[in-house]
Amino acid sequence: PGDVFQFDRGGSVFGPDGVGDDIDARVAAGVVHPTGPMWGQGELRCSGEVAALESAIAATGPGYADALARAGLRQERRALRLMPHALTHAWEDDVLTIGFELGRGAYATAVIGEVADTAQS
């Protein structure tokens, strides 16, 4: 209760009102994703315990949320998980080529960083 969700592939954000009783099944199916705040001007869209948790986390970095608001950023939400679609891969000699589709606001570097050791030696 009180959480805000985003449709898969960077779709619109909805909640906390009108979420529906089937939200757990929709999250499990990957149709919608829980969201987290991107701090800025305005009020948190979430409510209740979720708003209390997010505010408590923001309070651990004193001044950051206020600085983002003063810089003119708007309070927004982003999905807390990323699910690539249309995954493909091919090996040629010792080179792996992978392909996938991402929704708006998602970065391929985030996916690659989770599945490969990208550290430079």
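Predicted model: local features only at pLDDT ≥ 70, side-chain atom pairs only at ≥ 80, totals over all residues.

Me: Which pattern does the protein chain follow along the sequence?
Reply: The protein chain holds 4 helices and 6 strands. Read in sequence order, these elements give β-β-α-β-α-α-β-β-β-α.

Me: What is the radius of gyration of the protein chain?
Reply: The C-alpha trace spans about 55 × 40 × 20 Å along its principal axes. For 121 residues, a compact globule would come out near 14 Å, whereas the protein chain has a radius of gyration of 18 Å.

Me: What share of the residues in the protein chain is buried?
Reply: A residue counts as buried under 20% relative accessible area. Of the 121 residues in the protein chain, the share that is buried is 25%.

Me: What share of the accessible surface belongs to carbon and sulfur atoms?
Reply: The accessible surface of the protein chain is about 8500 Å². Carbon and sulfur atoms hold 55%.

Me: Is tryptophan 91 buried or exposed?
Reply: Tryptophan 91 lies in strand β5, which covers residues 85-92. The cut-off for exposed is over 50% relative accessible area. Because its relative accessibility is 59%, tryptophan 91 counts as exposed.

Me: Which residues form a nonpolar patch on the surface?
Reply: The patch has about 440 Å² of accessible area in total. Trp91, in strand β5, is one of its residues.

Technical notes. Residues numbered from 1 in each chain as written. Heavy atoms only, no water. Patch = residues over 30% accessible without salt bridge, like charges linked within 9 Å, V, L, I, M, F, W, Y side chains within 5 Å. Areas by Shrake-Rupley, 256 points an atom, 1.4 Å probe, with all protein chains shown as cover. Salt bridge = Lys/Arg side-chain N within 4 Å of Asp/Glu carboxyl O. Helix = DSSP H or I, 4+ residues; strand = E, 2+ residues; numbered from the N terminus. Buried < 20%, exposed > 50% of the residue type's maximum accessible area, 1.4 Å probe, protein only. Rg over C-alpha atoms; globule rule 2.2 N^0.38 Å.
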